[in-house]
Amino acid sequence: MNKKYLLMGLKAIFPLCIGGFPFSFIVGAISISVGMSITESTFWSFTVFAGSAQMVALGLIQSSASILIIMLTTFIINLRHVLYSASMAEYMKDYSFPMRALMSFGLTDEVYAATIDEMKLNKGNRHWFYLGAMGGFWFTWVIANFLGAIVGSSFPEIANYGLDFAMVAAFIAIVIPQVKTRECITAAVVATITGILLSGLPYSLGLVIAACTGVFAGYRMDLSTEAMQKEESLLTGQQRDDKYIEIKASNEGII
C-alpha cells in the first residue's frame, strides 16, 4: 500500500466530495419518502453507488412506474459508464480481476473526472491514487445518504422542498470543466436542446432520448474530426513529398 498516493487521490476527490455530499443526502432523504427504512436506504447506497440512477429511480417509484421502466431508464442513464470503462481500460488491464472489479465498482462521474489524468500519467501507483479517490468519495456518499435518511425520517415532506436541485448543481460542476473539445460541446448542446424540447415526455424519457442524441451527435463529430485530421495528414505528407521532389529535381539541375 502506498499511503502517499492514497492521500493524493483523497485530496484530488475532496472538492467533489463536498458537491456530492448534499446530492447523496437528498437521495437518502427522498428514499425514506418512498417507503425505504434508514437501513435499506443506507445499504442501497452502500452497494449501488450511482447517484443519478438512484435519484431517477426514486422519481419513477414516486410516479408508480413499472419495474421494467425503472430498469430500462436506469440502464440507459448508466450507459455513459461504458464510455468511462473504455477510457480507463487501457490503464487497468494489467491488474488482477478482483482489483479491476473493485475499481469498476467505484467508477462514478466524480471519480472518473478526478482520476483520469493521473491514470494516464502515473504507471506505478495509479491504482493507489484511484483507490484513494474512490474510497473517499464512496465513504462520503454512504455517510451522507445515512444522514439524509435520518433527516428524511423526521421530515416526511422533504421531497417537496426542491432539494433535488443539488443533483443538477453537482453535475454542472462536474461536466462544465470537461466540455472543452468541439465533440463535447456538440454533445452538450444537442443533449441540452433535445432535453428541453422533450421535457414533457413521461417517465423522464425525454432525458433518456436527450442523452442518446447527445452521445450520437458527439460520436458523429468525433468521426468528422478524425476524418479531417486524416485528410490534413495526407495533405501534409503529399506536400512534403512534393517539396522533396522539387528539391531533388533542383539539385539534379532538372529545374
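Good morning, colleagues. Please keep in mind throughout that the structure above is a predicted model.

Let me begin with the overall fold. The protein chain contains eleven helices and zero strands. Of the 255 residues in the protein chain, 36% are buried. Consider next the contacts between residues at least 6 apart in sequence: 76% of them join residues at least 24 apart.

Which residues have the most contacts inside the largest nonpolar core? They are Ile13, Met88, Met92, Met103, Met119, Tyr130 and Phe137, and the core as a whole has 28 residues. Several helices contribute to this core: helix 1 (3–33), helix 3 (51–62), helix 5 (80–92), helix 7 (109–121) and helix 8 each supply at least two residues. Apart from this core lies another, of six residues, and Val56, Ala57, Ala65 and Ile77 are among them.

Let us look at Met88 in particular. If we leave aside its neighbours within four places in sequence, Met88 is in contact with Leu107, Tyr112, Thr115, Ile116, Met119 and Tyr130. Thr115 is found in helix 7. Is Thr115 buried or exposed? Its relative accessible area is 0%, so Thr115 is buried. Not counting residues up to four places away in sequence, Thr115 touches Met88, Phe129, Tyr130 and Ala133. Thr115 and Gly9 are 106 residues apart in sequence, yet their C-alpha atoms are 7.5 Å apart in space.

Where is Tyr95 placed? Tyr95 sits in the loop between helix 5 and helix 6 (97–105). Tyr95 has a relative accessible area of 18%; because the cut-off for buried is under 20%, Tyr95 counts as buried. Its contacts, not counting residues up to four places away in sequence, are Arg100, Met103, Lys123, Arg126 and His127. For His127, which is 32 residues from Tyr95 along the chain, the C-alpha separation is 8.8 Å.

A further example comes from helix 11 (residues 205–251), where Val208 has its place. Val208 is counted as buried because its relative accessibility is 7%. Beyond its neighbours within four places in sequence, Val208 is in contact with Thr73 and Ile76. Thr73 and Val208 are 135 residues apart along the chain, while their C-alpha atoms are separated by 6.9 Å.

Let us move to the surface. Which residues form a nonpolar patch there? The patch consists of Phe21, Phe139, Ile143, Phe146, Leu147 and Ile150, which together have about 490 Å² of accessible area. Helix 8 (residues 126–154) gives the most to this patch, with five residues. Ile143 is a residue of helix 8, and at 33% relative accessibility Ile143 counts as partly exposed. A patch residue needs over 30% relative accessible area, so Ile143 passes that cut-off.

I shall close with pairings between side chains. Side chains of opposite charge can pair when their charged atoms come close. How many salt bridges are counted here? The count comes to one salt bridge. In it, the side chains of Lys93 and Glu90 meet, at 3.3 Å from N to O. That distance falls within the cut-off of 4 Å, and the pair therefore qualifies. Glu90 has a relative accessible area of 47%, so Glu90 is partly exposed.

As for disulfides, the structure holds zero of them.

To summarise, we have a predicted model with eleven helices and zero strands, a largest nonpolar core of 28 residues, and a nonpolar surface patch to which helix 8 gives the most. Thank you for your attention.

Technical notes. Residues are numbered from 1 along each chain as its sequence is written. This is a predicted model: local features need pLDDT of at least 70, side-chain atom pairs count only at pLDDT 80 or more; totals for chains, interfaces and linings use all residues. Side-chain values use heavy atoms; hydrogens and water are left out. Patches are made of residues with over 30% relative accessible area and no salt bridge: like charges are joined within 9 Å, nonpolar side chains (Val, Leu, Ile, Met, Phe, Trp, Tyr) within 5 Å. Accessible areas come from the Shrake-Rupley method with a 1.4 Å probe; for residues, only the protein chains shown count as cover. Helices (H or I, at least four residues) and strands (E, at least two) are DSSP runs, numbered from the N terminus. Buried means under 20% relative accessible area, exposed over 50%, partly exposed in between (1.4 Å probe, protein chains only). A disulfide is a pair of cysteine sulfur atoms within 2.5 Å. A nonpolar core is a set of buried Ala, Val, Leu, Ile, Met, Phe, Trp, Tyr and Cys residues joined through side-chain atoms within 4.5 Å. Contact means heavy atoms within 4.5 Å.
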